[in-house]
Amino acid sequence: MILASKSPRRSKILTGLGFAFKVVPTEAEEVSIPRAPKRTVTVNAARKLKACRALFPDESIIAADTIVWFDNRIYGKPKTLEEAKEYLRELSGNYHSVFTGVAWCKKGGALETKVVESKVKFRELSEDLIEKYVAEVKPTDRAGAYDIDESGGLIVERYEGSYENIMGLPVLSEFTELA
């Protein structure tokens with residue numbers, strides 16, 4: 001099986017499930033449709049899968065795209081540390097949604113997709129806490145500038161839904177068909 005992603009968090013999830021897989025970082029043009037977060041992640045995951053499938057037509061493949069969505073705005077990966085800090089300030093004390101679109105195909109099978117949503121409530125974040133967090137975590141490599149699995153306890157008060165989804169790859173029963 002191929003994971004069309006360079007995300008160490010996604011690799012960690014598949015490894016924990018006992019999957020044998022090969023990581024193939026795949027680049028594809030992404031869309032951002034703030035009023036349609038489910039469509040955004042579905043299109044992006046499907047594009048990544050299709051790019052990977054062009055290289056590996058006879059393999060089972062999983063691809064995913066994750067965004068943080070708050071106040072009709074998509075928070076992807078921040079470009080700078082200052083932008084990451086701004087994301088954290090805006091999310092401070094608020095609930096937001098984490099959407100992950102997953103695209104997969106079995107060997108020789110059709111492309112399938114699913115979107116999973118989880119909710120996250122941030123603590124009230126002081127400037128000192130934001131500085132501490134961005135010093136501990138590489139926020140420019142995370143949707144919404146944070147990683148629940150890496151020092152998440154500093155900023156996350158609680159969550160609802162799939163923890164793995166918040167990490168970037170929900171555990172789906174359909175994955176068992178891919179092994």
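1. The model is predicted. In total, the structure holds 17 salt bridges. One of them joins the side chains of Glu174 and Lys114, with an N to O distance of 3.9 Å. This pair links distant parts of the chain, since Glu174 lies in the segment after helix H5 (163-167) and Lys114 belongs to strand S6, 60 residues apart.

2. Strand S6 also deserves attention for its pairing with strand S5. S5 (residues 95-105) and S6 (residues 112-122) are paired in the antiparallel sense over 10 bridges. Lys114, the partner of Glu174 in the salt bridge, stands opposite Val102 in this pairing.

3. The hairpin of S5 and S6 has six residues between the strands. Within the hairpin, Gly108 adopts a positive phi near 70 degrees.

4. Strand S6 is joined to a further strand, S7 (residues 156-160), by four bridges, and the two run antiparallel. Here Lys119 has Glu160 of S7 as its bridge partner.

5. The packing of helices H3 and H4 forms a separate topic. The axes of H3 (residues 81-91) and H4 (residues 127-136) come within 10 Å and cross at roughly 130 degrees. H3 is therefore oblique to H4. The crossing of H3 past H4 is right-handed.

6. On the H3 side, the contact is made by Leu81, Lys85, Leu88 and Arg89. H4 contributes Glu127, Ile130, Glu131, Tyr133 and Val134. Which residue classes are represented where H3 meets H4? The contact comprises five nonpolar and four charged residues, with no polar residues.

Terms used:
Residues are numbered from 1 along each chain as its sequence is written. This is a predicted model: local features need pLDDT of at least 70, side-chain atom pairs count only at pLDDT 80 or more; totals for chains, interfaces and linings use all residues. Side-chain values use heavy atoms; hydrogens and water are left out. Axes are lines fitted to C-alpha atoms, for helices over the stretch in contact, and angles run from 0 to 180 degrees between N-to-C directions. Angles under 35 degrees count as roughly parallel, over 145 as roughly antiparallel, 65 to 115 as roughly perpendicular and the rest as oblique. A crossing is left-handed if the near helix is turned anticlockwise from the far one by less than a right angle, and right-handed if clockwise. Contact means heavy atoms within 4.5 Å. Ala, Val, Leu, Ile, Met, Phe, Trp, Tyr, Cys and Pro count as nonpolar, Asp, Glu, Lys and Arg as charged, and the others, Gly among them, as polar. Two strands pair if DSSP finds at least two bridges between them. A salt bridge is a side-chain nitrogen of Lys or Arg within 4 Å of a carboxyl oxygen of Asp or Glu.
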